[in-house]
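Biologist: Please put the model on the screen, so that we can go through it together, beginning with a single residue.

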Amino acid sequence: MLAIVLLAGCVNSHTSGLSQQPISTTELVGAKEVDPALRERISQALSQDADEKALRDALKQRPDNVNAAIPLARALLVRESPEEALEVLDNILLAAPGDLRALNAKGVVLDHEGRHHEAQTLYRQALAIDPKNPMLSNNLKLSLALEGTTQNGNPAPQLQADGRHAQYR
């Protein structure tokens, strides 16, 4: 069984309990009490925005800060902004070329976007640096499997909210 290690060891693995439904201001204004679940959703949304801002600020201060770039890219991917995630990872790879975690993270985003050949190139580049890295080996194998699946006309597996491939975990 193949398992993908999405940005493994680089980020928190909490999931957001946010609904896809926006909260209307009239709904909030007319409420005498805010439902605890709604209060939690609002709190999580504000926290995620603050976290993303802090990560962006950390990258402005140190453009080679892989520990800020990877969680930011993951948050952007979860937020369905893969192009923005790729831009963050491209910038970090300019500042820290050959960083295994950044190469892996970019490969994961490319796989998510169905750009398997590009992802495999990155996994192979990273494996040339660390040939025994199990995370990179597993992600390369999964990418090859995904490429075969999508080429046969079957859709690629969907990501869960925490960024994992549902059928491979």
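Predicted model: local features only at pLDDT ≥ 70, side-chain atom pairs only at ≥ 80, totals over all residues.

Biologist: Does glutamate 80 count as buried or exposed?
Modeller: Numbering starts from 1 along each chain as its sequence is written, and side-chain values use heavy atoms, with hydrogens and water left out. Buried means under 20% relative accessible area, exposed over 50% and partly exposed in between, for a 1.4 Å probe and protein chains only. Since the relative accessibility of glutamate 80 is 66%, this residue counts as exposed.

Biologist: Where is glutamate 80 found, and what is its phi?
Modeller: Glutamate 80 is found in the loop between α3 and α4, where helices are DSSP runs of H or I with at least four residues and strands are runs of E with at least two, numbered from the N terminus. Most residues other than glycine have a negative phi. Glutamate 80 is not glycine, yet its phi is positive, near 65°.

Biologist: How many helices and strands does the secondary structure come to?
Modeller: From the N terminus on, the elements run α-α-α-α-α-α-α. The count is therefore 7 helices and 0 strands.

Biologist: Which residues does leucine 72 touch beyond four places in sequence?
Modeller: Contact means heavy atoms within 4.5 Å. With residues up to four places away left out, leucine 72 touches Glu52, Leu55, Arg56, Leu59 and Val88.

Biologist: Within what arc do the buried residues of α4 fall?
Modeller: The buried residues of α4 are Pro82, Ala85, Leu86, Val88, Leu89, Ile92 and Leu93. The arc is that of the directions from the helix axis to the C-beta atoms. Seen down the axis of α4, these residues line one face, because they fall within an arc of 160°.

Biologist: What separates the C-alpha atoms of leucine 94 and proline 63?
Modeller: Leucine 94 is found in helix α4 and, at 70% relative accessibility, counts as exposed. Although leucine 94 and proline 63 are 31 residues apart along the chain, their C-alpha atoms are separated by 8.9 Å.

Biologist: Which exposed residues does α6 carry on the face turned away from its buried side?
Modeller: Buried in α6 are His116, Ala119, Gln120, Leu122, Tyr123, Ala126 and Leu127. They fall within an arc of 160° seen down the axis, so they line one face of α6. The face turned away carries the exposed residues His117, Ala128 and Ile129.

Biologist: With which side chain does that of glutamine 120 make a polar contact?
Modeller: Glutamine 120 lies in helix α6 and is buried, with a relative accessible area of 3%. Beyond four places in sequence, glutamine 120 is in contact with Leu140, Ser143, Leu144 and Glu147. A polar contact is a pair of N or O atoms within 3.5 Å, one able to donate a hydrogen and the other to accept it within protein, with residues adjacent in sequence counted only if both atoms are side-chain atoms. At 3.2 Å, the partner side chain is that of glutamate 147.

Biologist: What is the mean pLDDT of the protein?
Modeller: pLDDT stays under 50 over residues 1-20 and again over residues 155-169. In the protein, 59% of residues reach 70 or more, and the mean pLDDT is 75.

Conventions
pLDDT = per-residue confidence, 0-100.
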